[in-house]
Amino acid sequence: MNKILENNFYNPTCGNIPIDRVMEEMIEYMKEKLESSYDIIVGCDSSSEDNPTFPVAIAILRIGQGGRFFLKKIKYPSEFNKKFINWRNRILQEVLISCDLALSFRDALKKKVEESDSQVSYQFRYIHADIGEKGKTKDMIKELTGLIRGNGFEPKIKPDSCIATTLADRYS
C-alpha cells in the first residue's frame, strides 16, 4: 500500500484510525442512505513556514446533507532537510500530496467496496486546491489544474475548493 496511506487519519467522532477503518466508515455512511448521492473529495493546505505541516483531508459529502472527513497531517522529518522557503514549492507540494492520496485512496476504496459487496454508489472525481484567481497563486492555476487533470481528477479552485481552503486550512 502507498506510504501516504500509512499511519492514522483523524476524525472528530472516531479519533485516530487506520486507513482500512476510514474506508469502512465511509462505506457504512453511504449504506445509511443508499438513495443519496455521494462525492469523495481530497484537499490539502499548508502552514506558511520553512518546514510546514501539510494537513490533507478526505471528505465524503452526502450531497445536500452534510458529510464526514478524515484528516492526516504530513510533516517532513528534519533529517530530510526538505525546506519550503519558496511559497510556490509549498503550494505545488500541496497539490502533489492531494494527487498522491487521491490516487492511492481511490484504488483502495474501490477494492474495499467490491470486497464488501455493498450496493453503494459514489463519485470520486474532485481534488480541491488552495489556489484562486485572486492573490499570488493566480499565476499557478494553469500549471496546478493541469497536474490535477493529468492525474485523472477534476480540479476545484477558490471559491469552490472548501476541502482545501476551509477544512484542511483549519488544521494547518
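Me: Let's start with Tyr-38. Why is Tyr-38 called buried?
Reply: Its relative accessible area is 2%, and buried means under 20%, so Tyr-38 is buried. Keep in mind that this is a predicted model.

Me: What makes the pair of Tyr-29 and Tyr-38 edge-to-face?
Reply: The angle between their planes is 70°, and over 60 degrees counts as edge-to-face. The ring centres are 5.9 Å apart, within the 6.5 Å that a pair needs. Tyr-29 counts as buried too, because its relative accessibility is 5%.

Me: What else sits at the ring of Tyr-29?
Reply: The charged end of Arg-62 sits over that ring, 4.0 Å from its centre. The limit for this distance is 6 Å.

Me: How many aromatic pairs are there, and why is the one between Tyr-10 and Tyr-171 called tilted?
Reply: The structure holds five aromatic pairs. For Tyr-10 and Tyr-171 the planes are 55° apart and the centres 6.3 Å. Under 30 degrees would be stacked and over 60 edge-to-face, so what remains is tilted. This pair links distant parts of the chain: Tyr-10 is in strand E1, Tyr-171 is in the segment after H4, and 161 residues separate them. With Phe-69, these two tyrosines form one aromatic cluster.

Me: Are Tyr-10 and Tyr-171 buried or partly exposed?
Reply: One of each! Tyr-171 has 18% relative accessibility and therefore counts as buried. Tyr-10 has 31%, which lies between the limits of 20% and 50%, so Tyr-10 is partly exposed.

Me: Which residues touch the most other members of the largest nonpolar core?
Reply: They are Ile-40, Ile-58, Ile-97, Leu-101 and Phe-105, in a core of 44 residues. Helices H1, H2 and H3 and strands E3, E4, E5 and E6 each supply at least two residues. The largest share, 10 residues, comes from H2. Another core, of nine residues, lies apart from it and includes Ala-57, Leu-71, Ile-163 and Tyr-171.

Me: Which residues of helix H4 are buried, and what do they pack against?
Reply: The buried ones are Ile-163, Ala-164, Thr-165, Leu-167 and Ala-168. They pack against strands E3, E4, E5, E6 and E7.

Me: How do you know that E4 and E5 pair?
Reply: Nine bridges join them, and a pair needs at least two. The two strands run antiparallel, and Ile-60 stands opposite Arg-68 in E5. They form a hairpin with four residues between them, where Gly-64 in the turn has a positive phi of about 80°.

Me: How many helices and strands does the chain hold, and in what order do they run?
Reply: There are four helices and seven strands. From the N terminus on, the order is β-β-α-β-β-β-α-β-α-β-α.

Technical notes: Residues are numbered from 1 along each chain as its sequence is written. This is a predicted model: local features need pLDDT of at least 70, side-chain atom pairs count only at pLDDT 80 or more; totals for chains, interfaces and linings use all residues. Side-chain values use heavy atoms; hydrogens and water are left out. A nonpolar core is a set of buried Ala, Val, Leu, Ile, Met, Phe, Trp, Tyr and Cys residues joined through side-chain atoms within 4.5 Å. Buried means under 20% relative accessible area, exposed over 50%, partly exposed in between (1.4 Å probe, protein chains only). Contact means heavy atoms within 4.5 Å. Rings of Phe, Tyr and Trp (its six-membered ring) pair if their centres lie within 6.5 Å; planes under 30 degrees apart count as stacked, over 60 as edge-to-face and the rest as tilted. A charge sits over a ring if NZ of Lys or CZ of Arg is within 6 Å of the ring centre and within 35 degrees of the ring normal.
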